[in-house]
There are 4 protein chains.
Amino acid sequence: MTVLTASISQTIKERFTRIRTQTEKICSPLEPEDTVVQPMVDVSPPKWHMAHTTWFFEQFVLSTYLKDYRVFHPNYAFLFNSYYNSVGNRVQRAERSTLTRPPLRDVYAYRKYVNEHMEQLLQTIGEEQLEKLMPVLELGLQHEQQHQELLLTDIKYILSTNPLLPAYSQLTEVPSSQNPGKPVFLEVPGGVYRIGFQGEGFCFDNELGVHEVLLSDFSIMNRLVTNAEYLEFMQDGAYSDFRFWLDEGLAMVRSANLKAPLYWLEQEGEWYQYTLHGLRKIDPHKPVSHISFYEAQAYAAWSGKRLLTEFEWEAAAQVYPPATGNFQESGVYEPMAAPNGKGMQQLYGDAWEWTYSAYHPYPGFSTAAGALGEYNGKFMINQMVLRGGSCATPENHIRTSYRNFFHPDKRWQFTGIRLAQ
Amino acid sequence: MTVLTASISQTIKERFTRIRTQTEKICSPLEPEDTVVQPMVDVSPPKWHMAHTTWFFEQFVLSTYLKDYRVFHPNYAFLFNSYYNSVGNRVQRAERSTLTRPPLRDVYAYRKYVNEHMEQLLQTIGEEQLEKLMPVLELGLQHEQQHQELLLTDIKYILSTNPLLPAYSQLTEVPSSQNPGKPVFLEVPGGVYRIGFQGEGFCFDNELGVHEVLLSDFSIMNRLVTNAEYLEFMQDGAYSDFRFWLDEGLAMVRSANLKAPLYWLEQEGEWYQYTLHGLRKIDPHKPVSHISFYEAQAYAAWSGKRLLTEFEWEAAAQVYPPATGNFQESGVYEPMAAPNGKGMQQLYGDAWEWTYSAYHPYPGFSTAAGALGEYNGKFMINQMVLRGGSCATPENHIRTSYRNFFHPDKRWQFTGIRLAQ
Amino acid sequence: MTVLTASISQTIKERFTRIRTQTEKICSPLEPEDTVVQPMVDVSPPKWHMAHTTWFFEQFVLSTYLKDYRVFHPNYAFLFNSYYNSVGNRVQRAERSTLTRPPLRDVYAYRKYVNEHMEQLLQTIGEEQLEKLMPVLELGLQHEQQHQELLLTDIKYILSTNPLLPAYSQLTEVPSSQNPGKPVFLEVPGGVYRIGFQGEGFCFDNELGVHEVLLSDFSIMNRLVTNAEYLEFMQDGAYSDFRFWLDEGLAMVRSANLKAPLYWLEQEGEWYQYTLHGLRKIDPHKPVSHISFYEAQAYAAWSGKRLLTEFEWEAAAQVYPPATGNFQESGVYEPMAAPNGKGMQQLYGDAWEWTYSAYHPYPGFSTAAGALGEYNGKFMINQMVLRGGSCATPENHIRTSYRNFFHPDKRWQFTGIRLAQ
Amino acid sequence: MTVLTASISQTIKERFTRIRTQTEKICSPLEPEDTVVQPMVDVSPPKWHMAHTTWFFEQFVLSTYLKDYRVFHPNYAFLFNSYYNSVGNRVQRAERSTLTRPPLRDVYAYRKYVNEHMEQLLQTIGEEQLEKLMPVLELGLQHEQQHQELLLTDIKYILSTNPLLPAYSQLTEVPSSQNPGKPVFLEVPGGVYRIGFQGEGFCFDNELGVHEVLLSDFSIMNRLVTNAEYLEFMQDGAYSDFRFWLDEGLAMVRSANLKAPLYWLEQEGEWYQYTLHGLRKIDPHKPVSHISFYEAQAYAAWSGKRLLTEFEWEAAAQVYPPATGNFQESGVYEPMAAPNGKGMQQLYGDAWEWTYSAYHPYPGFSTAAGALGEYNGKFMINQMVLRGGSCATPENHIRTSYRNFFHPDKRWQFTGIRLAQ
């Protein structure tokens with residue numbers, strides 16, 4: 001093993017530790033009871049997230065690369081596999097709240113055990129092995145970051161069902177919020193754009209299959225739609241005006257009797273919003289979030305504009321300088337108001353942007369061999385692409401070609417709106 | 001306050017403390033996560049049971065009888081009211097698992113706070129007031145004992161859904177089990193019997209309305225049906241033989257694909273049973289339990305006998321000397337085998353006995369004024385009466401006129417079979 | 001064959017023809033499309049009723065008693081068996097609307113074919129055979145009369161779902177309606193009553209097991225509760241007042257947002273009722289009908305009275321002279337107002353009277369051998385007994401010991417209220 | 001009115017009559033009962049189809065263009081509007097089987113009435129008016145042709161639920177079927193293609209927004225996948241092999257326990273298929289049909305190929321000469337075997353081809369003003385595009401740019417597979 005490798009492995013170890021520690025930091029304000037319930041099937045219990053991300057390293061790294069590794073517990077693969085059919089049977093998604101045992105402290109012990117063995121592995125691994133290991137290790141860390149975002153959104157949902165509406169964390173200082181001003185539409189010239197991951201380093205398989213697309217001229221709103229703008233839509237009666245809605249969107253809005261984004265509450269004529277920092281008055285300048293694709297699309301129709309496609313979004317992100325907003329690292333788990341100005345804002349962070357693109361494979365997409373081939377491909381139907389990350393995304397996790405995806409009726413993620421015309 | 005009262009109040013205080021402590025003892029083996037989940041709507045989270053029984057004393061005793069009493073927390077009435085419409089809004093039954101907060105330690109603090117104030121009340125209350133208070137206090141204690149039984153059956157259900165099948169408590173010594181021998185049918189002469197509560201002391205309102213019923217001669221099995229006997233029924237193919245089943249029983253058995261009592265598992269040709277003491281091989285001599293009314297009735301039809309009515313059961317219990325079995329106090333949370341012999345056995349304890357009587361009001365039944373009038377009357381439809389208590393019932397809680405009741409498809413209580421002919 | 005038999009068989013033939021013809025008369029105003037739909041699972045398509053009652057004679061009479069009888073069509077047993085497991089597989093209840101074929105004219109041909117063979121059988125059968133045949137033949141006719149009532153209530157439900165609210169038949173003359181006056185409560189002395197069928201002739205198996213019951217003194221309302229009286233209950237806000245309702249009744253009323261009996265419509269502040277004779281204004285003097293047991297019970301609780309048990313009803317019917325109301329034969333398919341007076345009224349006809357008795361077997365009840373043993377016994381759970389017949393019941397079909405039964409939430413039969421105290 | 005116009009109007013009248021008559025010809029083998037049921041929500045009763053297509057002309061043509069036109073019946077707009085919110089309330093889709101009235105003969109009278117008034121209109125209309133009218137009239141005819149296809153697929157579904165499996169029509173002569181030989185993959189060069197309707201005459205709004213797309217080289221199978229090829233997939237255990245399935249496809253296959261295309265039945269080891277011409281043995285040479293998108297995609301994955309996008313399909317159809325198969329006009333309502341050969345086959349007719357393209361708006365798509373703007377746009381979510389028409393499509397109804405669309409789980413249309421690589 002050369003000096004170089006030692007230093008690389010040191011860097012990796014530090015990164016490993018930093019990301020793994022962050023997961024635990026996210027869970028530290030929780031009561032054990034918070035970590036086991038599953039109020040809807042999309043939400044996973046936080047304890048499960050913590051164990052599942054750990055199992056990922058045990059299953060795909062330690063069991064293969066660490067000699068004589070013994071799994072922490074023979075049943076944990078069954079308990080904490082998420083959806084990898086290749087790796088065997090597992091607890092069904094809808095039944096994760098049955099896992100009252102192992103108790104939280106055992107899951108922490110599991111994390112410690114795997115962390116220690118990972119450190120041992122990284123200490124002792126040869127250069128050649130490290131090279132083979134690196135993609136899986138990197139995937140494990142990116143995977144853990146994805147679960148960090150899910151942890152925050154799932155915790156928010158869990159606590160929001162509690163009649164006491166408890167805050168997850170107190171903000172010592174409430175950041176002030178400025179008026180971002182009228183929206184501006186920035187032009188993007190038509191032409192051929194290269195789409196997909198083209199850089200160095202890590203990307204998910206769904207970003208691969210770089211290909212060219214031909215776009216017409218279009219213009220893109222310079223920031224996200226604000227709460228104040230969305231309130232206008234609500235106050236104009238748009239939730240009950242069929243003209244703006246896709247048919248299945250209208251059916252959802254009617255059957256669930258929706259009148260506002262998720263987490264919004266009206267009390268004595270005033271709108272409030274449950275946030276991870278407690279119930280707070282709606283801030284008119286902040287981006288609207290926790291809306292479905294249907295609501296995003298209806299808002300666009302109401303305003304006489306339209307949503308972007310994912311290709312237009314990526315083209316605009318290539319044309320304009322990166323414009324970042326609020327990320328997980330700030331500890332403020334809400335989208336923040338854009339600065340007042342006419343330049344491009346909030347392309348990254350704050351709120352995921354619904355696009356009018358189905359989550360389908362890029363030309364030439366192929367799934368990897370083995371279990372990790374189940375990572376993305378099998379979900380490529382019935383979901384819409386979202387771009388740009390949110391206030392719950394780690395800043396170093398997002399990139400221009402990153403494709404997130406949810407069903408068009410989902411509202412529990414930090415999802416917002418950017419318009420095109 | 002006279003000396004006499006002091007001593008009465010001392011007795012009451014001791015009884016109060018004993019029963020309240022027992023509830024906590026039942027919960028002591030649980031992890032916090034065990035106390036919050038609700039795997040089916042019939043099951044309540046243990047934390048909820050602990051808080052609800054405490055709220056009962058706060059709501060119906062302390063708020064009325066203790067001067068200047070301040071409730072522990074202004075929201076707890078909303079959180080922990082079970083079904084008393086008169087007392088205001090409340091968390092819906094199906095949503096009790098949303099209560100991850102207050103955390104378990106707060107619920108223990110709540111119990112301590114209410115206990116201390118109850119003690120203070122009993123220390124200082126005048127004789128006249130005590131007399132008025134006594135019926136409500138007694139109801140609160142009986143109510144808590146009912147919830148002790150539910151705690152045990154709900155804990156059993158919760159842990160049974162966990163893929164690890166954890167034991168709730170270890171038995172240091174497994175009680176030996178004898179063969180109770182062939183069943184004997186004991187005669188009960190026809191005639192007029194007085195039904196309902198006729199003694200001193202406490203009873204529930206559903207036992208009131210003492211009235212006479214005219215019965216024909218019948219005979220009653222001297223013990224509960226055993227696992228071995230029930231296995232014969234299973235092995236005879238009775239679960240799929242329509243001739244023995246009520247139509248809605250057959251529909252349930254078919255749609256849920258039932259082939260055995262709840263908690264029974266077949267592994268490599270051998271039958272096991274999940275118990276609060278872990279997974280154990282079926283003991284042929286013990287009473288079968290965790291069966292629905294439908295299964296009890298089908299068993300009776302298959303064996304050419306029938307179930308008793310609740311009036312026949314009560315008449316037999318008047319005619320024969322009390323014959324008790326296993327109760328909660330033993331710490332063995334399973335029905336136990338009857339002794340070998342021809343006398344009446346297991347009338348009380350071991351397993352509740354399904355009767356072919358609907359849970360309806362007795363003639364002259366009337367509900368009390370106020371919230372406590374909602375205790376029993378409003379459930380008098382669609383349920384069947386069970387008699388005699390079970391291994392989860394406190395021994396001093398049961399009596400001849402006691403009427404338990406469940407829907408005919410329910411299986412998570414310790415429910416068994418006694419035949420008549 | 002003796003002369004006597006010839007004349008008996010003549011009488012039987014006439015009775016057979018009369019009842020069979022009446023079924024067709026009931027169906028004559030229907031369009032073919034009316035006869036095939038099944039808007040809820042409780043309702044059967046009229047075409048199915050017509051074929052099923054015919055199959056009953058083919059299956060249980062002709063196939064056994066008529067030499068060389070060839071069934072009309074080899075598949076009809078599969079299509080038109082209702083619930084007799086003993087007789088083989090069948091179209092499931094919920095799928096009866098799949099039977100668009102055979103077309104209506106084939107079902108009429110089926111009826112004609114079976115009628116002709118039945119006539120042939122009755123012409124040629126020997127005395128001894130006739131004696132054996134008689135009970136099954138009689139059961140077939142009683143069965144057909146039961147289906148006549150179901151035809152009328154099912155047709156009413158089917159046509160009521162049509163947005164055009166078509167009338168089934170026009171009344172040339174609308175019967176005038178008098179005010180029956182204030183209700184009177186008539187006394188019935190306590191004591192031992194013999195319950196069950198005790199006469200000559202036919203009864204269903206569920207009336208057998210004659211037995212004595214001991215009743216206390218009670219008094220019984222001299223007529224059915226009227227629409228005007230029920231409107232008071234509605235206008236008093238009773239549908240949303242939890243105090244009057246059984247818990248499961250309240251749940252039904254809330255989840256279905258019930259505010260009135262089935263078929264009631266409010267238009268511009270006025271209440272109307274869909275009837276088989278079209279949409280008509282509520283007549284205040286007529287008995288309320290199309291209510292569930294839950295509504296009957298809540299009405300009783302609201303009025304400070306109670307419902308009868310089935311034993312009390314039968315005792316009252318033994319004590320008071322028979323008091324009949326409106327039956328199927330009148331062609332007016334609505335309950336009619338009782339005459340003004342203090343005597344007993346409407347014990348028979350007009351509307352079935354919900355009792356607070358579960359539909360359970362009488363002591364000594366046993367099911368017959370063979371398929372006909374499935375007639376009643378397997379339904380003896382979760383249903384409540386109704387007594388006295390309705391405006392859709394043939395007059396000669398009802399008797400004192402007759403037990404009808406429905407689940408407590410059902411509202412599509414002509415069901416009403418009589419109170420006790 | 002000039003002579004020219006008279007002749008145009010004559011042509012239109014003939015076309016109108018031909019298409020309207022064809023609808024009635026399709027319905028002529030049906031019993032009235034067949035025309036009213038709705039065995040699943042996607043299927044509409046044939047009587048409803050006949051009335052709805054008629055209402056379309058009444059609502060959008062006669063009420064606007066024919067002076068003093070009186071609607072046939074004031075309630076029919078409510079009964080027979082499909083989904084046009086702009087035009088008012090209507091019977092909900094799931095409740096179309098409530099329309100037992102108006103009876104079938106009234107719907108035929110309605111058709112006659114509207115036809116006669118349409119003829120009168122076309123006889124008398126001025127040139128200028130005719131020009132304005134033409135697009136709506138054309139849309140009405142195209143709309144009626146769409147419903148002709150739905151009539152055939154809905155009738156097939158309705159009759160297939162009947163236990164007797166009646167044939168809709170007898171084929172006097174069963175067309176012989178040749179082996180189409182091994183599939184050949186034909187090349188399509190990459191480059192920029194113009195997508196969308198570019199010709200003269202009619203198209204739907206969803207084909208508008210002609211735009212260029214950039215495609216890579218690909219090759220396309222020269223014919224549809226056959227039953228024999230699909231059987232191989234089945235016999236290879238692919239229905240239970242998770243590796244080939246999208247996750248939601250696998251969930252559907254498992255929960256519905258699917259093992260074969262819709263309408264396939266296994267009897268004594270032999271596969272049969274319910275067709276509109278009765279139950280028939282599977283013909284190995286014919287194209288597989290009645291499969292969901294999920295099954296098409298899994299078949300492609302299993303065979304190591306992929307599905308086309310809709311853009312690739314349209315490019316291939318521009319490159320290769322039109323290759324037509326079996327259409328509605330033949331009266332044989334099944335896909336037919338392709339001729340043996342290496343050229344392009346079956347691009348049009350036989351079976352709709354699932355593409356891996358979401359049904360989304362083309363760039364620049366906009367909905368028309370008024371009710372007809374609801375025609376297509378509001379369905380542009382959660383559905384996949386199908387191309388090429390089927391054996392139930394009228395031959396003159398299909399074209400290169402035609403976009404059909406269904407949810408990926410739907411199987412009751414004539415849907416098949418063509419592969420790309």
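Modeller: A definition comes first: the domain bounds used here come from an automatic or database domain assignment. Please also bear in mind that this is a predicted model.

Colleague: Understood. Which domains is chain A divided into?

Modeller: Chain A is split into domain 1, residues 6–160, and domain 2, residues 185–420.

Colleague: And how far apart do the C-alpha centres of domain 1 and domain 2 of chain A lie?

Modeller: Those two centres in chain A are 28 Å apart. Domain 1 of chain A brings 30 residues to the contact, and domain 2 of chain A brings 30 residues as well.

Colleague: How much area is buried between these two domains of chain A?

Modeller: About 2700 Å² is buried between domain 1 and domain 2 of chain A, and carbon and sulfur atoms give 60% of that area.

Colleague: What does UniProt place at residues 16–149 of chain A?

Modeller: The UniProt record, an unreviewed entry, places the feature "domain: DinB-like" there. In the model, residues 16–149 of chain A are 60% helix and 0% strand. The end C-alpha atoms of that span lie 17 Å apart.

Colleague: Changing topic to strands: what is the order of the four-strand sheet in chain A?

Modeller: The order is β11-β10-β9-β12 in chain A; the sheet is open, and its pairing is mixed.

Colleague: How many bridges join β9 to β12 in chain A?

Modeller: Two bridges join β9 (residues 352–358) of chain A to β12(A), and these strands run parallel. Within β12(A), A:Thr415 is the bridge partner of A:Trp352.

Colleague: Which helix lies across β9 and β10 of chain A?

Modeller: That is helix α8 (residues 293–302) of chain A. Helix α8 of chain A runs at about 85° to β9(A), and the β10 that it also lies across covers 384–387.

Colleague: Now the chains. What rotation superposes chain B on chain A?

Modeller: A rotation of 180°, with 0.0 Å of shift along its axis, brings chain B onto chain A at an RMSD of 0.0 Å. The two copies are therefore related as by a two-fold rotation axis.

Colleague: Which residue of chain B comes closest to that rotation axis?

Modeller: B:Glu33 does, with its C-alpha at 2.3 Å from the axis. The same surface serves both copies, as 100% of the contact residues of chain B recur in chain A.

Colleague: How many residues does that contact take from each of chains B and A, and what area is buried?

Modeller: The contact takes 31 residues from chain B and 31 residues from chain A. About 2300 Å² is buried between chain B and chain A, with 58% from carbon and sulfur atoms. B:Glu33, B:Arg101 and B:Leu164 supply 31% of the area that chain B buries against chain A, more than any other three residues.

Colleague: And what area is buried between chain D and chain C?

Modeller: The area buried between chain D and chain C is about 2300 Å², of which 58% comes from carbon and sulfur atoms. In chain D, the residues that lose the most area to chain C are D:Glu33, D:Arg101 and D:Leu164.

Colleague: Finally, how far apart are the nearest C-alpha atoms of chain A and chain C?

Modeller: They are 14 Å apart, and chain A and chain C do not touch. Chain B and chain D likewise have no contact, with their closest C-alpha atoms 14 Å apart.

How values were computed: Residues are numbered from 1 along each chain as its sequence is written. Chains are lettered from A and ligands numbered from 1 in the order in which they are written. This is a predicted model: local features need pLDDT of at least 70, side-chain atom pairs count only at pLDDT 80 or more; totals for chains, interfaces and linings use all residues. Side-chain values use heavy atoms; hydrogens and water are left out. UniProt positions are given in the numbering used here, feature names are shortened, and annotations may be inferred rather than shown by experiment. Two strands pair if DSSP finds at least two bridges between them. Contact means heavy atoms within 4.5 Å. Axes are lines fitted to C-alpha atoms, for helices over the stretch in contact, and angles run from 0 to 180 degrees between N-to-C directions. Copies are superposed by least squares on the C-alpha atoms of residues with pLDDT of at least 70 in both. Buried area is the accessible area (1.4 Å probe) that two parts lose on being put together, summed over both.
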